[in-house]
Amino acid sequence: MATDELAQFESLLNNLMSHDNQVRSQSEETYETVPAVSKVPFLLQTIKNVNADLKTRTMAAVLLRRLYTTSFEEFWPQFAPEVQATIKEEMLRCVQQENNPSLRKKVCECSAELARNMLDDDGNNTWPEVLKFLFDCASSQDVGFRESALLIFAVVPGVFGAQQAQYADVIKQMLEQCLADTANQNVRFAATKATVAFLLANEGENDLLNHFRHLLPGILTTVAESAETQDDDTLLKCLVDLAENTPKYLRHQLEAVFTLCMKIVSDAEMGDQWRQLSLEVIVTLSETAPAMVRKLCGKFLSVLVPQILSMMVDLEDDDDWAKCDEIEEEDNDSNAIAGESALDRLACGLGGKTMLPHIISNVPQLLANPDWRHRHAALMAISACGEGCHKQMEQMLTNIVDAILPYMQDPHPRVRFAACNAIGQMSTDFGPVFQKKFHERVIAGLLTVMDDNGSPRVQAHAGAALVNFSEDCPKGILAPYLDPIICKLEQVLSSKLKELMERGTKLVLEQVVTTLASVADTAEEKFVVYYDRFMPCLKYIVQNANTQELKLLRGKTIECISLIGLAVGADKFMQDCSDVMELLLKTQTDWEELPEDDPQISYMISAWARMCKIMGKAFEQYLPLVMGPVLKAAAIKPEVALMDSEDMKVMEGDSDWQFVTLGDQQSFGIRTSGLEEKATACQMLVCYARELKEGFASYTEEVVKIMVQHLKFYFHDGVRVAAAESLPYLLDCAKIREPGYVATMWQFICPELLKAIATEPENDLRSEHMHSLAQCIQKMGKGCLTDEQMQELVKVLEKCMGDHFERQAARLEQRKDEDYDEVVEEALEDEDEQDVYILSKVSDIVHALFGTHKEAILPVFEQLLPHFRKLISNDRPWPDKQWALCIFDDLVEHTGALSQNYSEHFVAPMVQYLSDSHGEVRQAAAYGIGVMAQFGGQGYASVCAEALPYLLKVIQDPEARSVENLSPTENAISAVTKICKYNNSVISLTEVLPHWLSWLPVWDDEEEAIHIYGFLCDLIESNNINILGENNANLPRIMGIMADTFKRETVDNKADVYKRMVNIVRQIQSNNDIFQACISSMDQDSQLALSQAISSSS
């Protein structure tokens, strides 16, 4: 390599660091044109050139590492084997020869990346020299060499690849010796980072972690040492990483970990970052291994909670705080915010039973403290622990509310703010129970604070708390308070609008508009009487709030108008509809000029969707105007960047980016701006497709392309949910076009939807995708899946079932864990419920397949049958049995007599589970017996007879009509009904029917009520003496059943059976004496229901 070429290249590197933007940009362009095969030798020579500037050599090391990280596969094969060997030799020589510690560290990181790339697909390291180099350096007398070995190992702890097991003892010895190197702090610190990196790289290898457990005391010693000097907080961050990823590794030294961290947290002289990191270790352990913490370190909580509360007291007094009109983002690095977050997470992690006593024991003295900071901390603590301590706090809500409410009148504005915050948070955490219990006092208190004109920030927060209260408040509870609430909102809106025009302040005005929208949303049609008092003012704001600083106010007002319109309905809103549409359209025409982060965009997109709901088909004329911006927002592509650890250090703390770690040293970052607007736009497209149906047909092609692509939009859950939800609606929209168009669209959707289900990482979202598929199959009908797609679906369902069984087995193992306790059991039961939801979606898909394909789907069913047999077996949890029964119910219902071929798998369990202790299982079994009778044919006659005594036992149980038993009871009555009607060859109707009549009325299950009352009509119309009785003695009883059914509106008045029931009543009415005798014993409500049914059907 020519000297002048190297000099030119080093000059180029210098210019990459220039402060002159133009010089730097030109240099970046030039650098990018140099091929990687040329860059590598140049960069390596620059690193070696001791005469070059240190900054230039450091830049060369950073750029070389980046090449190894991002482009290795592209350039490395282009080098001849001898060149590759030379590069590897030179890299190690650079490590040995470099004297500058900072540059040597960069070269070590660079060498580590090269070593990572030398691992082949089988895990063999094709660079054995680097392994020898590591051991030689680690045992060297040269401190710099030992540190270099540890640096390389920390960056690539998997460097030994498939040979790691045979080297385990040597690795352990190397790390142990370096951790004990008392003479060299840098070596000890580097050894700690290397050890932690190795443990994290092997987090799932419990035997290996156990083999290395003796290194933990050395790690804790160096962490304590670093804290004393407050020199290098990365060691404390290493402890956080262990707590997050390998908490059980810390178990045998857990008390030492807590003691160390508590010492740092309790030291007020220690820097905030150190105290917060130590707290993070404890909190993280409480989240990742809560049972272990409860069992081994619960004793620390009585000291920890007061320390956290003391951090929450660490607030500055700012006289202008309550009066400021622009709210700055909270300082997330402050002790107060860190403490609040920690309390929230500890409550959620350790549970209310563990945490609440410690919180409650400290809060009263804080509330009584004359210093406002303590009262503020107490109220914020109550806000923070509601979610985690929900069950325990729910039992003492009255005492808590009694404690909070007086502080809404506290002398200090920040305490009043905290009281409003606590009320708002509790409204969310404990709604609607909270609203039902405390509506009078809470609403009065919040309305009083909304008069706090001297403290706008507090005034606005009272409005925000009223939003929380309204959102989960039943309409009937809120209705009596609408007059005072509306009067207050009208008063504040008027005064703050005047303030805006005089002084330009807008904080409270923005909030009161949002509060008004929330109240209207809950009040619905009861808001009609207040409508005219607000709409002119709201339209005025939208029309005139055109400056940049009023964009948020304008957006919120648009939201308010559309929510009020939705609440009061089209009839009332239509008087202003054209004006509102004109205002919205004016904003629409200015859309191209709006910046991407304009707050109006998401409000506008949502408002259009609400207008669509209000106007129905009349909205179609506006689609050409609104679809452009919505499609543009839905199609936003977020900025994504692949980053190495150096980039991460630069970007860390940037709130506009989220980061996802891919491997040891790589992450990708996503710029989050625009993601919420994208999710909103996608949800609005769902709304348009659902509401407008064929009126949306012309947009289906473009929208379906966006939505199918978004099934795998992993940057935002809401986008994926909307994408899945939209697909059945889009198929409906497209049906107005020729059948071939819909079929083509479905063939575009289907493969991608199947892939999305298979690859979706979140269980909740996979459920949404599966639900979408089930709906699509129902809409497209038989033959919608090709043989290949059907087999793909079978694989997907098999994986879902396999995962389900694996997760259940894992939970069973957790129940055997040494730290298992009742709180763990509660968490595991929650996981059971989430897992069962997936099972319900498997059942949905099977239901859709049977419903559309009937017996043609049996070959597919047979492939899945082993899983269903496992589900229904007696040793499975009750939800497994329930959903297995539902699947076999569908088999019988849709394949009839053919289902007898599989009877050995389900008939015995179905009869047995009629006696199950869980109502959901009894219900599914009873429904199954019913469909067996109705659709299964005579082959099931003996089974029906066998099931009859078990059904009678369900129906005649003393608690049969209790809330939890009502549904299985009515399904059992329906099953007996179907046996009597369709499959009665081996039972005695004369014996059964009198009992059957005594079980009526039914009212809970409307679908089964149709069958039951249809059979009743059959029997009455055929003059069945078992039902009518001797001399029609049962007519008063029958009339009572009919009246109850009409009163409860159990059967839809458009259903045929309803009309038959009314005709029977009319026939009885034709004999006035009998009719009067029948109704004389009825209560007034029943007589009125009977009268209305007769007159409405005439």
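1. Welcome to this structure. The domain assignment of the protein chain, with bounds from an automatic or database assignment, gives domain 1 (1-117), domain 2 (299-315 + 334-438) and domain 3 (1000-1097). The C-alpha centres of domain 1 and domain 3 lie 91 Å apart.

2. A word on the source: this is a predicted model, where local features need pLDDT of at least 70, side-chain atom pairs count only at pLDDT 80 or more, and totals for chains, interfaces and linings use all residues. Residues are numbered from 1 along each chain as its sequence is written, and side-chain values use heavy atoms, leaving out hydrogens and water.

3. UniProt, in an unreviewed entry, lists residues 100-260 as "domain: IPO4/5-like TPR repeats"; such annotations may be inferred rather than shown by experiment. Over residues 100-260 the chain is 70% helix and 0% strand (DSSP runs: helices are H or I, at least four residues; strands are E, at least two). The end C-alpha atoms of this stretch are 34 Å apart.

4. Now for a helix pair. The axes of H20 (residues 352-367) and H21 (residues 372-385) come within 8 Å and cross at roughly 150 degrees (axes are lines fitted to C-alpha atoms over the stretch in contact, with angles from 0 to 180 degrees between N-to-C directions). H20 and H21 are therefore roughly antiparallel (angles over 145 degrees).

5. Which residues of H20 meet H21? They are Leu356, Ile359, Val363, Leu366 and Leu367, with contact meaning heavy atoms within 4.5 Å. On the H21 side are His374, Arg375, Ala378, Leu379, Ile382 and Cys385.

Technical notes:
Angles under 35 degrees count as roughly parallel, over 145 as roughly antiparallel, 65 to 115 as roughly perpendicular and the rest as oblique.
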